[in-house]
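Welcome, and thank you for taking a look. Below are a few numbered notes to read alongside the sequence and the structure.

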Amino acid sequence: MRTATITVNGRVQGVGFRYALHDEAQRLGLRGWVRNRRDGSVEAQVAGDPDAVEALIAWAHEGPSTARVDDVDVIEGTTDPGDGFEIRATA
């Protein structure tokens, strides 16, 4: 299992990024959460099959067609985010 925290910067709020990431993570069978941050970024903590986590990170570099991704930061080895995949409130 691989765990990671992903932070996506750019025009990623108000464009459906959280919902699209949520759907992609569920499609890939990942566990975790996603939320907007007050600084304008989107943050996600994910856990699951290493190939699935890598696929989500690759997806995050593009996001939905309405987004403009400038940068994706990944921190490896974060804590296990629990069961399921949820959209959390802004932090």
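1. Aspartate 70 and arginine 68 bring their side chains together in a salt bridge, at 3.0 Å from N to O. Aspartate 70 is exposed, with 52% relative accessible area, while arginine 68 is partly exposed at 44%. Please keep in mind that this is a predicted model.

2. Another pair joins arginine 88 and glutamate 86, whose side chains form a salt bridge of 2.8 Å, N to O. Both partners are partly exposed: arginine 88 has a relative accessible area of 30%, and glutamate 86 has one of 39%.

3. How many salt bridges does the model hold in total? The count is eight. Among them is the contact between the side chains of arginine 2 and glutamate 76, at 2.4 Å from N to O. Arginine 2 belongs to strand β1 and glutamate 76 to strand β4, so this pair ties together parts that lie 74 residues apart in sequence.

4. The partners of that bridge are worth a look for their surroundings too. Arginine 2 counts as buried because its relative accessibility, 17%, is under the 20% cut-off. Glutamate 76, at 43%, counts as partly exposed. A further residue, Glu54, joins Arg2 and Glu76 in a network of salt bridges.

5. Now to helix α2, which runs over residues 50-60. Which of its residues are buried? They are Ala52, Val53, Leu56, Ile57, Trp59 and Ala60. Looking down the axis of α2, you will find these buried residues within an arc of 160 degrees, so they line one face of the helix.

6. What do the buried residues of α2 pack against? Their partners are β1 (2-11), α1 (17-27), β3 (42-48) and β4 (68-76).

7. Finally, a word on the record. An unreviewed UniProt entry carries the annotation "domain: Acylphosphatase-like" for residues 3-89.

Key:
Residues numbered from 1 in each chain as written. Predicted model: local features only at pLDDT ≥ 70, side-chain atom pairs only at ≥ 80, totals over all residues. Heavy atoms only, no water. Buried < 20%, exposed > 50% of the residue type's maximum accessible area, 1.4 Å probe, protein only. Helix = DSSP H or I, 4+ residues; strand = E, 2+ residues; numbered from the N terminus. Arc of directions from axis to C-beta. Contact = heavy atoms within 4.5 Å. UniProt positions renumbered as here; feature names shortened; annotations may be inferred. Salt bridge = Lys/Arg side-chain N within 4 Å of Asp/Glu carboxyl O.
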